[in-house]
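I opened a new entry to look up the aromatic rings and the pockets. The notes follow in the order I took them.

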Amino acid sequence: MSTRIAFLKGHGTENDFVIVPDPENAIDLPPGAVAALCDRRAGIGGDGLLHVVRSAAHPEAGEMAAEAEWFMDYRNADGSIAEMCGNGVRVFARYLQRAGHVAEGDLAIATRGGVKSVHIAKDGDITVGMGRARLPEGDVTVSVGERSWPARNVNMGNPHAVAFVEDLAHAGDLFTPPPFSPAAAYPDGVNVEFVVDRGPGHVAMRVHERGSGETRSCGTGACAVAVAAARRDGADPAVTGTPATYTVDVPGGTLVITERPDGEIEMTGPAVIVAGGEIDAGWLESAVR
């Protein structure tokens, strides 16, 4: 390993990431290293880490290499592996554009949640095809303190529990995972969204992201919220033949989510690269001992 490792820092609606370009998958990033890099006081700081690898060079992505040259090896801030991150895909695409690997227009990015279609618009916004939502059956409840709410179980390639509340303050501090039941609904943990209405087709949310705590935004969470809100409002594009679009306010900005009649969900929002530099490999090694 070289003594210094290149990195960048970026965010999508203030969901922020450490970006480590590593086309040939040559950098070892064990959970402790990722957690050290994402530490906001002792490291660079981020809600997660985007490990940028060519699909053909990564054992989890080789089968997707024919469809997508690049694989988003995404890690949560605690070092755990996650299936997908919607804001992360937009920031990943912005990095690829900045590095000269792609231009404006359409591209494909491989993730553990499958290959995602991405469009980089001239106005700067990035649209990600997030796939279809699955709506597992069964009642789910989430709690904060003395309050409990029914939640909609939505899977966007990763698990979500969406609860509609009267006040976003009722979500509490979201430092720790909100309890949920039944435990069998989410054997590997869950991202929990608390949602209030702002107007027709317009909601606001806060989220506890599994493995990261409360974040300023969550792309897959915003998609899950839009689907849950549409079903609550009696809208199912597969039935009506009409797309359902929701504006979703998150603490870090605004995302626009559209569910099409074929079930595909598109998310549009900004992505920004704010800085770049080098990680000292000696520090990183000592940080994980």
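The model is predicted.

I looked up the largest pocket and found a volume of about 190 Å³. I noted that 16 residues line this pocket, and that Ser117, Val128, Gly129, Met130 and Glu264 are the closest to its centre. Two or more lining residues come from each of β5 (105–111), β6 (114–120), β7 (126–132) and β17 (264–269). Sorted by class, I have six nonpolar, five polar and five charged residues in the lining.

Entry on the rings. I got a count of three aromatic pairs. For Trp149 and Phe194 I read 5.6 Å between the ring centres and 75° between the planes; edge-to-face needs over 60 degrees, so I put the pair down as edge-to-face. Trp149 belongs to strand β9 (residues 147–155) and Phe194 to strand β12 (residues 191–199), with the two 45 residues apart, so I noted a link between distant parts of the chain. Trp149 is buried at 10% relative accessibility, and Phe194 is buried at 0%.

I then looked up Phe180 and Tyr186, an edge-to-face pair with centres 5.2 Å apart and planes at 85°. Phe180 is partly exposed at 26% relative accessibility, whereas Tyr186 is buried at 4%.

Entry on a charge. I found the charged end of Arg232 over the ring of Phe164, at 4.4 Å from the ring centre.

Terms used:
Residues are numbered from 1 along each chain as its sequence is written. This is a predicted model: local features need pLDDT of at least 70, side-chain atom pairs count only at pLDDT 80 or more; totals for chains, interfaces and linings use all residues. Side-chain values use heavy atoms; hydrogens and water are left out. Rings of Phe, Tyr and Trp (its six-membered ring) pair if their centres lie within 6.5 Å; planes under 30 degrees apart count as stacked, over 60 as edge-to-face and the rest as tilted. Helices (H or I, at least four residues) and strands (E, at least two) are DSSP runs, numbered from the N terminus. Buried means under 20% relative accessible area, exposed over 50%, partly exposed in between (1.4 Å probe, protein chains only). A charge sits over a ring if NZ of Lys or CZ of Arg is within 6 Å of the ring centre and within 35 degrees of the ring normal. On a 1 Å grid over the protein atoms alone, a cavity is a set of points where a 1.4 Å probe fits but cannot get out, and a pocket is an open set with protein on both sides within 12 Å along at least five of seven lines; lining residues have an atom within 4 Å of a point. Grid points are joined across faces, edges and corners, and a volume is the space filled by probe spheres set on the points. Ala, Val, Leu, Ile, Met, Phe, Trp, Tyr, Cys and Pro count as nonpolar, Asp, Glu, Lys and Arg as charged, and the others, Gly among them, as polar.
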